[in-house]
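Me: I am new to this structure and would be grateful for a close look at a single part of it. Please give one connected account.

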Amino acid sequence: MRTYALANQKGGCGKTTTAIHLAAALAVRGERVLLVDLDPQGHATLGVGCHVGRSTSLVEVLFGEAEASAAIRPVAPGLDLLPATLGLAEFEEASVHSLAPEQALTGSLRPLIGRYDRVVLDCPPRADGVLTANALRAATHLLLVVETGSFALQGALRARAIFEDLLGLGGMPTLRVLATMFDRRLRFARDLLVAMHARFGPEMYDTAIRTSVSLREAVASGTPVLHSAPRSRSAQDFLALADEVLADEIEPADAPLFLSLEA
Ligand SMILES: Nc1ncnc2c1ncn2[C@@H]1O[C@H](COP(=O)(O)OP(=O)(O)OP(=O)(O)O)[C@@H](O)[C@H]1O
Ligand SMILES: [Mg+2]
């Protein structure tokens with residue numbers, strides 16, 4: 001079970017939009033996918049049209065009061081959701097009193113091995129919180145989502161350094177960088193993408209997610225573009241990203257020694 005944490009310490013850079021659509025695209029490609037909303041804002045939950053109400057959600061699962069399977073909702077063929085509510089913030093607050101709170105998600109996902117091929121984790125816009133720590137602990141891959149705006153390269157390098165610090169040298173998941181909100185009409189955005197490829201090399205996905213109004217609308221309406229507009233440019237972008245993700249099968253434990261030393 002490959003687990004992808006979509007993260008950046010910066011808010012509003014496209015983490016949730018990417019998490020929803022990468023998960024949906026992987027499902028379209030035939031994978032059994034679980035999207036986990038690790039943000040108390042619950043945007044990934046709303047973005048796939050799920051309203052939790054008083055039903056079980058991630059917070060009960062992390063506190064050990066419910067099994068993950070009791071909180072999981074079907075969203076589309078091949079795609080399930082482990083939803084979040086505002087109550088998830090309580091886990092962040094309570095964690096100061098618990099032992100190893102950052103291991104809760106890993107433990108909760110363990111019974112799901114064999115049920116899903118891919119798990120996509122939508123992280124909150126906070127690198128140093130216990131919810132992000134849970135995602136990093138559970139992840140086989142850390143996808144740094146970078147908005148291709150001003151200072152994007154500096155922001156991406158800073159985010160990478162922050163996550164490397166948080167993870168220490170030992171447990172680093174495979175790091176990948178994804179450019180999003182890319183507007184190819186802008187000269188500076190094109191130059192930026194070239195600079196990011198030069199800096200991050202093979203860590204960087206070839207696919208850049210383009211800016212699209214319909215993508216904004218899709219998240220707001222609770223229906224991913226993969227379902228509402230499967231032929232759209234955005235759907236094609238996320239299918240291309242899913243294909244790259246599926247082709248990227250080296251796990252940290254399998255990585256040849258020279259790769260570990262280079263990292
Ligand atoms: N490719 C895109 N094209 C156009 N708009 C986008 C794109 N990706 C994201 N957005 C818009 O940018 C805003 C922020 O996106 P999103 O919520 O995905 O970011 P986030 O990093 O998850 O934010 P937060 O840090 O609050 O969790 C939203 O209004 C979203 O619709
Ligand atoms: Mg978000």
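What volume does the second largest pocket have, and what is to be found there?

Reply: The model under discussion is a predicted one. In this model, the second largest pocket has a volume of about 460 Å³. Its lining is made up of 21 residues. Those that lie nearest the centre of the pocket are Gly-12, Cys-13, Gly-14, Thr-17 and Met-181. Sorted by class, the lining of the pocket comprises eleven polar, six nonpolar and four charged residues.

The second largest pocket is also where ligand 1 sits. Around ligand 1 there is a shell of 18 residues, and the closest of them are Gly-12, Lys-15, Thr-16, Thr-17 and Ser-212. By class, the shell consists of nine polar, five nonpolar and four charged residues.

A polar backbone atom of Gly-12 is 2.9 Å from an oxygen atom of ligand 1. In the side chain of Lys-15, an N or O atom lies 2.8 Å from an oxygen atom of the ligand. For Arg-216, an N or O atom of the side chain is 3.3 Å from a nitrogen atom of ligand 1. As for the surface of the ligand, ligand 1 taken alone exposes 630 Å², and the protein buries 84% of that area.

Conventions
Residues are numbered from 1 along each chain as its sequence is written. Chains are lettered from A and ligands numbered from 1 in the order in which they are written. This is a predicted model: local features need pLDDT of at least 70, side-chain atom pairs count only at pLDDT 80 or more; totals for chains, interfaces and linings use all residues. Side-chain values use heavy atoms; hydrogens and water are left out. On a 1 Å grid over the protein atoms alone, a cavity is a set of points where a 1.4 Å probe fits but cannot get out, and a pocket is an open set with protein on both sides within 12 Å along at least five of seven lines; lining residues have an atom within 4 Å of a point. Grid points are joined across faces, edges and corners, and a volume is the space filled by probe spheres set on the points. Ala, Val, Leu, Ile, Met, Phe, Trp, Tyr, Cys and Pro count as nonpolar, Asp, Glu, Lys and Arg as charged, and the others, Gly among them, as polar. A residue is near a molecule or strand if one of its heavy atoms lies within 4 Å of it. A polar contact is a pair of N or O atoms within 3.5 Å; within protein, one must be able to donate a hydrogen and the other to accept it, and residues adjacent in sequence count only if both atoms are side-chain atoms. Accessible areas come from the Shrake-Rupley method with a 1.4 Å probe; for residues, only the protein chains shown count as cover. A molecule sits in a cavity or pocket if more than half of its atoms lie within 2 Å of its grid points.
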